[in-house]
Amino acid sequence: MSDTFDYDLFTIGGGSGGVRASRVSANLGARVAVAESGRFGGTCVNVGCIPKKLFSYAAHVRDELKDAADFGWDIPEPAFDWKRLLANKDREIDRLNGVYERILVNAGVTIFRGKASLKGGHEVEINGKTVTARHILVATGSWPQKPAIPGAELAITSNEAFHLDKLPQRALVVGGGYIAVEFASIFHGLGVDTTLAYRGTRLLRGFDADLGTRLAEEMARKGVSVLLQKNPSKIEQGLKVTFDDGASGQFDLVMFATGRVPNTAKLGLEAAGVKLGADGAIAVDNYSKSSVDSIHAIGDVTNRMNLTPVATSEGMALAKTLFGGAPTPVDHDNVPTAVFAHPNLATVGLPEHRARERYGKVDIYKASFRSLKHSMGTREEKIFMKLVVDAASQKVVGAHMIGPEAGEIIQGIAIAVKLGATKAQFDATIGIHPTAAEEFVTMREKAPEL
Ligand SMILES: Cc1cc2nc3c(=O)[nH]c(=O)nc-3n(C[C@H](O)[C@H](O)[C@H](O)COP(=O)(O)OP(=O)(O)OC[C@H]3O[C@@H](n4cnc5c(N)ncnc54)[C@H](O)[C@@H]3O)c2cc1C
């Protein structure tokens with residue numbers, strides 16, 4: 001490659017997408033540099049997927065302790081130490097920060113620490129210095145957004161929730177997306193009196209409607225106070241929250257999980273000629289190329305599908321496109337995803353309403369049952385599974401689940417859905433008994449047409 005530029009690739013942002021794109025590009029022979037203003041690993045490692053799932057494990061222990069009694073174990077009244085959980089979590093995150101940095105160093109990537117911005121199609125400014133690159137990759141992620149209501153500054157976002165000095169007694173989580181339901185479940189599981197308030201009529205907009213409705217029921221059954229069509233209009237000192245219907249409540253912590261915005265401000269994008277979409281995200285083509293040929297973007301900053309494995313796939317595809325001699329578009333179809341609420345839920349393919357729009361006639365199969373694990377106890381929790389089948393081709397185009405380890409189960413089902421398996425092929429698969437997952441291959445009765 002030519003030496004006209006300092007680097008073949010300069011990546012801004014050392015998170016999920018940026019690290020993958022940089023490492024793979026370097027392995028393909030490119031001279032790569034990456035700038036990171038915070039900690040390596042980005043949102044997912046530091047204030048996202050990883051610490052969130054660790055907290056979720058901690059919160060699940062509460063249910064497991066209850067189950068223990070049904071299995072004959074007498075366990076003295078347990079005590080929970082938030083500070084110990086935080087310290088253990090921080091140690092693991094520190095370890096992962098090191099792993100991410102080493103991955104880059106071992107691949108021969110040059111590391112710049114600091115905030116980078118664009119100076120043109122091939123120039124990046126970092127720490128007062130201009131560096132040139134044949135290609136620039138913007139992988140700066142996204143940032144939580146608070147609504148513009150009086151007192152919003154008194155509330156926290158998920159960023160701060162990972163570093164609370166102490167757990168509140170009463171928490172209000174505002175929002176209806178996956179981060180909101182996950183944190184409401186975490187707080188509740190850790191013993192906090194938790195309220196979840198969402199302005200919409202159903203949690204998890206965009207997911208299959210049954211999932212949002214049933215999750216709200218399950219969370220409420222566990223003891224979370226789920227308030228729909230309820231939105232805070234004002235927060236006062238002392239955390240008195242007034243809602244738009246005039247009702248009010250007193251809390252010790254208010255957390256907004258009300259959406260995230262792409263990190264595109266103050267990056268010099270407009271000056272470099274990079275077009276943004278209406279949502280402020282960098283507009284890219286299927287190969288993650290922006291409106292400027294030499295500038296590319298992946299991950300949350302493009303607001304396509306804001307998940308870590310999607311960001312890393314986009315990074316991998318870009319590296320192959322730019323330096324592997326193999327132009328590789330990113331396939332965003334049938335991406336499975338999990339929500340680590342309590343209970344967990346996971347999904348792949350189309351929700352029923354979207355399948356109806358796309359295919360017209362669909363067959364629906366549903367199962368709702370109590371798990372064997374809970375059959376001897378008092379827990380009312382129900383597992384829910386649903387298959388959405390295109391009536392004409394009989395292909396399974398959507399699989400949805402609420403229940404323990406839903407993500408682990410749907411990950412396997414996702415391969416079948418991605419390969420275009422038919423309902424008959426699901427049925428021809430012999431189940432593993434006794435498991436919950438076997439229900440996915442034994443659903444015989446179509447749900448009646450509405
Ligand atoms: C609470 C929470 C839970 C989540 N849980 C999950 C989950 O369970 N599963 C899942 O798949 N996804 C989850 N996500 C989403 C996932 O974290 C993101 O989709 C993913 O991190 C996006 O990767 P990215 O590379 O686009 O950006 P990021 O990982 O956010 O990385 C961007 C990096 O760029 C750096 N940066 C920004 N601006 C500059 C600059 N000017 N110069 C230098 N560096 C800069 C930032 O410091 C950051 O390190 C979660 C997110 C949140 C907030």
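Threonine 194 is buried in this predicted model, at 0% relative accessibility. Threonine 194 belongs to strand S9. In space, the C-alpha atoms of threonine 194 and serine 225 are 6.3 Å apart, although the two residues are 31 residues apart in sequence. Arginine 221 is located in helix H7 and is partly exposed, with a relative accessibility of 47%. For arginine 221 and proline 144, the separation is 77 residues in sequence and 29 Å in space, C-alpha to C-alpha.

The ligand is surrounded by 36 residues, the closest being Gly17, Glu36, Thr43, Lys52 and Asp300. Sorted by class, this shell holds 14 nonpolar, 16 polar and six charged residues. At serine 16, a polar backbone atom is 3.3 Å from an oxygen atom of the ligand. For leucine 307, the distance from a polar backbone atom to a ligand oxygen atom is 3.3 Å. The corresponding distance for threonine 308 is 2.9 Å. On its own, the ligand has 1,000 Å² of accessible area, and the protein covers 92% of it. Two or more residues of the shell come from each of helix H1 (16-27), strand S2 (32-36), helix H2 (42-47), helix H3 (49-70), helix H6 (178-189) and helix H8 (308-323). H2 gives the largest share of the shell, four residues.

A search of the whole structure returns one disulfide. Cysteine 44 and cysteine 49 form this bond, with an S to S distance of 2.2 Å. The disulfide is left-handed, because the torsion about the S-S bond of cysteine 44 and cysteine 49 is about -135°. Cysteine 44 has a relative accessible area of 10% and is therefore buried, whereas cysteine 49 is partly exposed at 29% relative accessibility.

Backbone geometry was examined next. Most peptide bonds are trans, and most residues other than glycine have a negative phi. The peptide bond from histidine 342 to proline 343 is cis, with omega near 0°. Proline 343 is in the loop between strand S17 (337-339) and strand S18 (345-349). Histidine 433 and proline 434 are also joined by a cis peptide bond, with an omega of about -10°. Proline 434 is located in the segment after helix H11 (423-428).

Positive phi values occur at asparagine 303, where phi is about 50°, and at asparagine 334, where phi is about 55°. Asparagine 303 is in the loop between strand S16 (295-297) and H8, and its relative accessibility of 30% makes it partly exposed. Asparagine 334 is in the loop between H8 and S17. The relative accessible area of asparagine 334 is 26%, so this residue is partly exposed.

Notes
Residues are numbered from 1 along each chain as its sequence is written. This is a predicted model: local features need pLDDT of at least 70, side-chain atom pairs count only at pLDDT 80 or more; totals for chains, interfaces and linings use all residues. Side-chain values use heavy atoms; hydrogens and water are left out. A disulfide is a pair of cysteine sulfur atoms within 2.5 Å. Buried means under 20% relative accessible area, exposed over 50%, partly exposed in between (1.4 Å probe, protein chains only). A residue is near a molecule or strand if one of its heavy atoms lies within 4 Å of it. A polar contact is a pair of N or O atoms within 3.5 Å; within protein, one must be able to donate a hydrogen and the other to accept it, and residues adjacent in sequence count only if both atoms are side-chain atoms. Accessible areas come from the Shrake-Rupley method with a 1.4 Å probe; for residues, only the protein chains shown count as cover. Ala, Val, Leu, Ile, Met, Phe, Trp, Tyr, Cys and Pro count as nonpolar, Asp, Glu, Lys and Arg as charged, and the others, Gly among them, as polar.
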